[in-house]
Amino acid sequence: MPGGQDWAVNDVYIGEACPHHCGGRGQCSMQTCLCDEGFAGDSCEVTDPGKVKRHVKDTFDNSEDLSESKWPWTRGGQVQFPVCGPLVSDRALVMNGPGAREVVTPHLDLRDARFIQYTAIMWGHEPLSDICRKPSNDKHQRVFLQVSTDGGVSWSTLHTLSSERYNSATRDYISLPVYARTDNSVVRWVQAAAASLTSPRVHWALDDVFVGGMEINPAEYLQSFDNVNNDDVDSGSEVADDPYAWEFSPYGVLNPAANPCGPSGSGQGSAMVWMGSTVNDGRRASEIDVPFGMRQSGAEQRKQIPAQIFTTNQMIVQTGYILQFKLIMSCGQFPNICLAPDNPIRLEYRRDPSTENWSDVQASCLPGSQGREGLCNPHKHHHPSHYRLSDAGTWTRFIILLNDVTFSSTTQFRWIQDGANGTIPWALDDIYIGEKCPEMCRGRGDCVMGVCQCDQGYLGLTCSPAPRSLRARLFDSFEGGVFASNWAYVRGGGLGFGCGALLPFAHGKTLYFNGCGSREAVTAEMDTSRAIKIIFVIQIGCYAQTRNCNIELSEGPDYRGVLLQYSTNKGADWYYVAQHDPVDFLRPKRVVYDVPGPAKQLGTQFRWWQPTHGGQGFDQWAIDHVEIISGRRRYNRRGWRRRG
């Protein structure tokens, strides 16, 4: 046939239908099903239900070839880097071949499944051109998401993808209707062949495809990245495509060979690592083109660094739950934090997985702030759940008691670093979301399924410190240095004279704060069971507003004063003792406070903290002659006792 194509047909049968059309898994002949291998019975039922997949999850980043076990039938598409830039990360399934285009899952048991989700994009493409154009709004070139419950004999449309809506990367979350949730479901995306002379042809791509979920979500989440369930994953696949491990982790690498972050506090095992602004194929992330709408020929292209994200699966969250994890940032890349991009890791949650409505797990609660929906405790001040390099320069454990705004049966959590200001390396490990342990292990151990696994040196059901190892009083004039016996850590400060000697109440060196990032001084753990007073000298800025000692006095949402707080669980929670407003401390003042009753116990720490400042060279402050006084005891025949 001149100008035509060769074709053939075989095994034609026209007659009475077989039961349920043999489920699409066999040949019908004289009302009898001749079943394909692995199927048997009157309508070719599955002979071994355990071999039928219950999920399909694919990031398309693990191989340049499409997985045949996940996509047994594909035409018109291949795994590659999309010409319009990444949809989520790196490669995607790009459907740009001639004729009809189709990608089909295997037979799936979706009786326990809940959703189909994916990210898609559509663009116009001229022949012999690599320019990514805005697609024409041609209804004949739409893409249809369909499901079949009879092996592909008939198809029902779940969703339609139009070029008008999908001209930039768009995430879809489609709830599976009841009729689609069978033990013989097949899902496909299909686009009919374009009419002759159609130009430009509308191409499309898919990324981060997940068909699955659970009818009842789990009530706990534990991820140490050491033992990931691979039962539902191809033997050659990466664990990133394990549906039980996590949802998606764009640009995250599990335990890379050259891991700059090192192991977490446990000293062994794997971690999820993001390598900063270098993406997995070796390109700088700043060189990756991300479509803004669509690129036009000759138009200036918008470039940005893609976000780096880790998202958990859906789960049940309820009263008494905590979220615990370990985080490290920079991994040695930025010894000087002032030179690092100011780009925090945000911890967020959502209760409706069909939306992109994410909120901070922990709201900002500072003096004068009511926080989100009035949830702030007036006795606890803290930043939102945004973590910066100064907060996690080494592996650091964070513990949050979850608020009722996070409670639902479909809650998800994510850690995200946007690329707007550049990204820095970071890593995540030992995530636990579930029932809290007794006293949250007092911040001195990992809570795992309600049981504390104590850090070295801490003992008991709640990981208590040994009393004899703790000091009962403290005095520091900072003349000899900043010693670990007095201070657990000092951030953003050191010995200095930036605000001068704090005369007449103190003299000589001060603990002076003028650094980037967090500005705080935290005492070593103490036995404050008999502590009675906290005394110190403080100055915030000065009247002269000098270069080395100035403060912003205008009113605003950012509190630039200094808070005095205490913690009994090694910083998991900080409670209010006093606040020092700049306008009241432009000259040195000596202040005295009673130690709060709840602070009088083993392992208490005190913190001087400036929540907000303008960076190095702005909003400086200093403290000196810090004293924590313990009640004196006298000796009698029965031993030492407190003097009445």
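Residues are numbered from 1 along each chain as its sequence is written. In this predicted model, local features require pLDDT of at least 70 and side-chain atom pairs count only at pLDDT 80 or more, while totals for chains, interfaces and linings use all residues, and side-chain values rest on heavy atoms, with hydrogens and water left out.

The protein chain contains zero helices and 45 strands; helices (H or I, at least four residues) and strands (E, at least two) are DSSP runs, numbered from the N terminus. Of the 644 residues in the protein chain, 51% are buried, where buried denotes under 20% relative accessible area, exposed over 50%, and partly exposed the range in between (1.4 Å probe, protein chains only). Among contacts in the protein chain with a separation of 6 or more, 72% are between residues 24 or more positions apart; a contact requires heavy atoms within 4.5 Å. The protein chain exposes about 30,000 Å², of which carbon and sulfur atoms supply 49%.

Strand β10 is mostly covered, ten of its eleven residues being buried. Strand β10 pairs with two strands described here. Six bridges join β10 to strand β13 (residues 170–175) in an antiparallel arrangement, and F115 stands opposite S175 in β13. Ten bridges connect β10 with strand β15 (residues 201–212), also in the antiparallel sense, and G124 faces V202 in β15 as its opposite residue. Two strands are taken to pair if DSSP finds at least two bridges between them. T119 belongs to β10, which spans residues 115–125. T119 counts as buried because its relative accessibility is 9%. Beyond its neighbours within four places in sequence, T119 is in contact with L87, V88, A169, T170, R171, A205, L206, D207 and D208.

Strand β22 pairs in the antiparallel sense with strand β26 (residues 408–419) over five bridges, and R350 stands opposite Q412 in β26. Antiparallel pairing over two bridges also links β22 to strand β24 (residues 386–387), with H386 as the bridge partner of R346. Strand β23 (residues 359–360) is likewise an antiparallel partner of β22 over two bridges, and in β23 S359 stands opposite Y349.

Q314 is located in the loop between β19 (305–311) and β20 (315–317). With a relative accessible area of 6%, Q314 is buried. Not counting residues up to four places away in sequence, Q314 touches F115, Y173, N217, P218, P353, T410, T411 and Q412. Two of these contacts involve polar side-chain atoms: the side chain of Q314 forms a polar contact of 3.0 Å with that of Y173 and one of 3.4 Å with that of N217. A polar contact is a pair of N or O atoms within 3.5 Å; within protein, one must be able to donate a hydrogen and the other to accept it, and residues adjacent in sequence count only if both atoms are side-chain atoms.

C22, in the segment before β1, has a positive phi of about 60 degrees although it is not a glycine. C22 is buried, with a relative accessible area of 0%. D619, in the loop between β42 (602–610) and β43 (621–630), is another residue other than glycine with a positive phi, near 60 degrees. D619 is buried at a relative accessible area of 2%. A cis peptide bond, with omega about 0 degrees, joins L503 and P504, and P504 is found in the loop between β34 (493–496) and β35 (510–513).

Terms used. Accessible areas come from the Shrake-Rupley method with a 1.4 Å probe; for residues, only the protein chains shown count as cover.
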